[in-house]
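Subject: Handing over the structure, with notes

Dear colleague,

Please find the structure below, followed by my notes on what was found in it.

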Amino acid sequence: MNYFLIGMMGCGKTSIGRALSKEIDYGFIDLDLEIEKFSKMTIKNIFEKHGEEKFRELEVKVSRKLITNSLNNVIATGGGFAIDEKNIEWMKENGKIIWLQATSKIIFER
């Protein structure tokens, strides 16, 4: 079983994901970090040089490569990953989705 953490940037996907994976003895994957490794660019640079559309393509490519047929992971997705209905369906097929929420005040502070 995989657990996909979704939610706005700053809601705690990475920190909660790390803690959860440790607690249940699962692997942890930070999708944004994996995209940076794959592309050899920061997320910011991908957006600046190639735009959001290219970033979303990389997001799909890297997520499918890492997760399809992989079990026992907690995956911190990017803040916009769940916007695409195809990603929602794919996550449902490959695990459970956990939607993290935080107040706007907390997100702003982070």
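At what angle do helix 3 and helix 4 pack, and how far apart are their axes? This is a predicted model, in which local features need pLDDT of at least 70 and side-chain atom pairs count only at pLDDT 80 or more, while totals for chains, interfaces and linings use all residues. Residues are numbered from 1 along each chain as its sequence is written, and side-chain values use heavy atoms, with hydrogens and water left out.

Helix packing

Helix 3 and helix 4 (residues 85–94) pack at about 5°, with their axes 12 Å apart; axes are lines fitted to C-alpha atoms, for helices over the stretch in contact, and angles run from 0 to 180 degrees between N-to-C directions. The two helices, helix 3 and helix 4, are therefore roughly parallel to each other (angles under 35 degrees count as roughly parallel, over 145 as roughly antiparallel, 65 to 115 as roughly perpendicular and the rest as oblique). Helices (H or I, at least four residues) and strands (E, at least two) are DSSP runs, numbered from the N terminus. On the helix 3 side, Val-60, Ser-63, Arg-64 and Ile-67 meet Lys-86, Asn-87 and Trp-90 of helix 4, where contact means heavy atoms within 4.5 Å. The residues of this contact of helix 3 with helix 4 divide into three nonpolar, two polar and two charged (Ala, Val, Leu, Ile, Met, Phe, Trp, Tyr, Cys and Pro count as nonpolar, Asp, Glu, Lys and Arg as charged, and the others, Gly among them, as polar).

Helix 2 (residues 31–39) and helix 3 pack at an angle of about 105°, with their axes 9 Å apart, which makes helix 2 roughly perpendicular to helix 3. The residues of the contact of helix 2 with helix 3 divide into nine nonpolar, two polar and six charged.

Ser-63, placed in helix 3 (residues 43–67), is buried, with a relative accessible area of 2%; buried means under 20% relative accessible area, exposed over 50%, and partly exposed in between (1.4 Å probe, protein chains only). Leaving aside neighbours within four places in sequence, Ser-63 is in contact with Leu-31, Thr-68, Phe-81 and Trp-90.

Arg-18, which lies in helix 1, is partly exposed at a relative accessible area of 45%. With neighbours within four places in sequence again left aside, Arg-18 is in contact with Phe-28 and Leu-33, and the C-alpha atoms of Arg-18 and Phe-28, ten residues apart along the chain, are separated by 6.2 Å.

Most residues other than glycine have a negative phi.

The largest pocket

The largest pocket is lined by 20 residues, of which Met-9, Lys-13, Asp-32, Gly-78 and Gly-79 lie nearest its centre. A pocket is, on a 1 Å grid over the protein atoms alone, an open set of points where a 1.4 Å probe fits, with protein on both sides within 12 Å along at least five of seven lines, and lining residues have an atom within 4 Å of a point. The largest share of this lining, five residues, comes from helix 3.

Best regards
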